[in-house]
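Subject: Structure handover

Dear colleague,

Please find the structure below, followed by some notes on what was found in it.

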Amino acid sequence: MPSWRRTLAAAEITDPAHRADYTAAARRVLRREKAPYLALRLLAAPPLVPYLTAGLAFMNLVDDIAETGSPQQRSEGLAALTGRVESALATGHSEDPVLRAYAHAVSVRGLPGSWVKTFLAGAATAEAGFTGFAGEQDFQEYLDAYAWPGIVVFTGLQYPGGPDEAQGAAWRRFVDAAQRVDFLADLAGDLAAGRLCLPQDRLAAHGVTRTDLEQARDTPGVRALLAAECSWARTALAAAADVVGHADPGLRRVGRTMLELMSHQLTLVERAGPAALRTNTGYGTLAPLRILARTPHL
């Protein structure tokens with residue numbers, strides 16, 4: 001793995017002020033999400049790493065504001081952030097080094113601003129005002145409004161000029177799978193926070209109530225519901241596999257690794273069954289190391 005200085009040089013980021021901004025963005029990602037940061041540093045082509053790191057820092061910044069505080073605090077925070085982002089994208093200037101780095105990345109890589117605008121609007125509505133899903137259609141609308149633009153404001157920086165239609169569609173399939181796995185892996189924590197991310201109609205189909213899930217009841221209906229949700233996620237993962245072929249060659253190892261990690265995490269949820277309602281399901285320790293170790297051969 002090249003040093004951060006060499007990584008910045010490989011991306012042709014030579015201006016000291018820009019280098020400092022990208023370094024600040026990288027430090028934010030490292031503090032918040034060590035695994036994705038290390039995956040980028042270890043597996044992505046160095047010329048892409050600073051831009052993608054800035055994109056991930058920006059995505060995390062928006063997520064943090066959209067998920068913190070009361071509904072009014074989230075709304076006010078996102079409105080203020082939207083103004084700062086629009087100014088940064090228009091002028092390249094901001095008091096926040098993360099926004100400066102992201103604005104520079106968007107400019108250099110030519111990511112259409114429409115993705116950023118859609119993501120911020122989705123954060124203020126679909127995410128900040130989240131009340132659950134009545135059915136699958138609500139979930140799909142959530143993806144379109146928030147999760148899909150959210151992944152593209154980050155991964156879209158790999159493509160000069162932004163993703164084309166086929167590339168964008170591939171990342172839409174990826175985020176469909178990723179969101180399903182994430183909701184299952186984080187069931188316990190989400191329920192503890194008063195957030196139910198499984199569609200209500202699928203609970204009803206299995207005769208399961210929200211209270212059943214909140215109290216982690218091990219019933220035939222709960223087991224059947226979780227098995228069915230895992231099956232939905234498995235199908236989505238299979239459909240998302242072609243994202244690797246649509247990725248820039250310099251990001252394909254990252255894509256393969258993420259798919260492998262998601263599959264591994266889903267396996268742990270499948271094995272846990274109702275126990276997944278009592279504690280969140282992580283990746284574990286040894287399996288991710290094994291996946292990373294064999295990634296060059298995938």
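Leaving aside its neighbours within four places in sequence, which residues is Asp212 in contact with? They are Gly207, Arg217 and Val222, where contact means heavy atoms within 4.5 Å.

Before going further, please note that this is a predicted model, in which local features need pLDDT of at least 70 and side-chain atom pairs count only at pLDDT 80 or more, while totals for chains, interfaces and linings use all residues. Residues are numbered from 1 along each chain as its sequence is written, and side-chain values use heavy atoms, with hydrogens and water left out.

Asp212 lies in helix H12, residues 210-214 (helices are DSSP runs of H or I with at least four residues, numbered from the N terminus). With 10% relative accessibility Asp212 counts as buried (under 20% relative accessible area, with a 1.4 Å probe and protein chains only; exposed is over 50% and partly exposed in between). The side chains of Asp212 and Arg217 are joined by a polar contact of 2.6 Å, that is, a pair of N or O atoms within 3.5 Å, of which, within protein, one must be able to donate a hydrogen and the other to accept it, residues adjacent in sequence counting only if both atoms are side-chain atoms.

Helix H4, residues 49-66, has 18 residues that should span 26 Å at 1.5 Å a residue, and the 26 Å between its end C-alpha atoms agrees; the expected span is 1.5 Å times one less than the number of residues. Because 17 of the 18 residues of H4 are buried, the helix is largely enclosed by the rest of the structure.

Finally, the structure holds zero disulfides (pairs of cysteine sulfur atoms within 2.5 Å). The sulfur of Cys197 has its closest cysteine sulfur in Cys230, 15 Å away, which is too far for a bond. Cys197 is buried at 3% relative accessibility, and Cys230 is buried at 4%.

With best wishes

Technical notes
Helix = DSSP H or I, 4+ residues; strand = E, 2+ residues; numbered from the N terminus.
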